[in-house]
Amino acid sequence: MHWALILSFAMLAGDPAQPAKKPALKSAAVHSTQPTPQLLKTALPQNSEDPAAENQILELANQSRQQAGLSPLRMDESLSAAAREHAQLMVESEQLAHQFAGEPALLQRIAQTSTLRLDRAGENVAYNSSAERAQNALMLSPPHRQNLLDPGFNIAGIAALWSNGRLYVVQDFGREVPTYSSQQTGELVGQAINSVRQRSGLPQLAQIAPQNLDSTVCELAREGRVTARALGGSAGSRGVVTYSQSRPEILPQGALRLLEDREASQFAVGTCYARNATNPGGMYWVAILLY
């Protein structure tokens, strides 16, 4: 069973608070997995990072979340580093986009700068004339507001770069999941297994630890192929279930059916947290063997 990471995107161009007498820039709000860049005409290519604006944007975002009854976002420097790299590309290209030609997709570029364990990610990109106006405009745009007030997100990275009087903003959001060692993961899965057996009125199973099972699961996880067949059929076992999850204690339906085996007396759990091409942010990979 494979649980895919959830992504959400939104872009906002222009400043709705600009006086009407100034040349108008089209405003756009896009919530899509495909970038739809809008070219911005600028004169002089100079830019500078504004840490104070980044902190102000986070503070304003958390004020909005508090008013909505949500927990605050925590700023993470590694996530901000990914956001700044992307903001620099927007400034250099004079475009708003979620992915430029030759640039990795959101999850890949987060993984390049961060060791965070995320199972959800999202992004807002925008430009405006100040941090406060940028945040206000984002909150007035439904797709941006949805990202900012998403109860699932608990961490954020924010970049704010000035170029020719315009503040380019990138907000990268994520849901950080707990970090467990292989031993802790195996214990969590073992507890879940015996809870299932108890609810079904079946005797508890003894947990055993076959040699090299975790390392075998890790090797296969990096290739994205943790399956019973790849595990060599697990000779001597009554059944094998494999899955990947951000919360390893949540057992898939296949495991629930396997655990109803009344003749079983033992089980083994192999686990690994690994990143691969499909899951650049990483997932917990689990193999359950019943004996």
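Predicted model: local features only at pLDDT ≥ 70, side-chain atom pairs only at ≥ 80, totals over all residues.
The space in the largest cavity is about 50 Å³.

Leu107, Ile110, Ala111, Leu116, Leu118, Arg275 and Gly281 line the largest cavity. Helix 3, spanning residues 106-113, gives the largest share of this lining, with three residues. Sorted by class, the lining of the largest cavity holds five nonpolar residues, one polar residue and one charged residue.

Strands of a sheet pair through backbone hydrogen bonds, in either a parallel or an antiparallel sense. Here an open sheet of four strands shows mixed pairing, and its strand order is 10-12-13-11. Strand 10 (206-208) and strand 11 (239-245) are the edge strands, each pairing on one side only. From one strand to the next, the twist averages 25°.

Strand 13 covers residues 283-290 and pairs with strand 11 in the antiparallel sense, over seven bridges. Within this pairing, Tyr243 has Val286 of strand 13 as its bridge partner.

## Helices on the sheet

Helix 6, residues 182-199, packs on the sheet and touches strand 10, strand 11, strand 12 (266-274) and strand 13. The direction of helix 6 makes about 135° with that of strand 12.

Helix 7, residues 213-222, lies across strand 12 and strand 13. Relative to strand 12, helix 7 runs at about 45°.

Note on methods. Residues numbered from 1 in each chain as written. Heavy atoms only, no water. 1 Å grid on protein atoms, 1.4 Å probe; cavity = no way out; pocket = protein on both sides within 12 Å on 5 of 7 lines; lining within 4 Å. Points joined across faces, edges and corners; volume = space filled by probe spheres on them. Helix = DSSP H or I, 4+ residues; strand = E, 2+ residues; numbered from the N terminus. Nonpolar A, V, L, I, M, F, W, Y, C, P; charged D, E, K, R; others polar. Pairing = 2+ DSSP bridges. Axes fitted to C-alpha atoms, helices over the stretch in contact; angles between N-to-C directions. Contact = heavy atoms within 4.5 Å.
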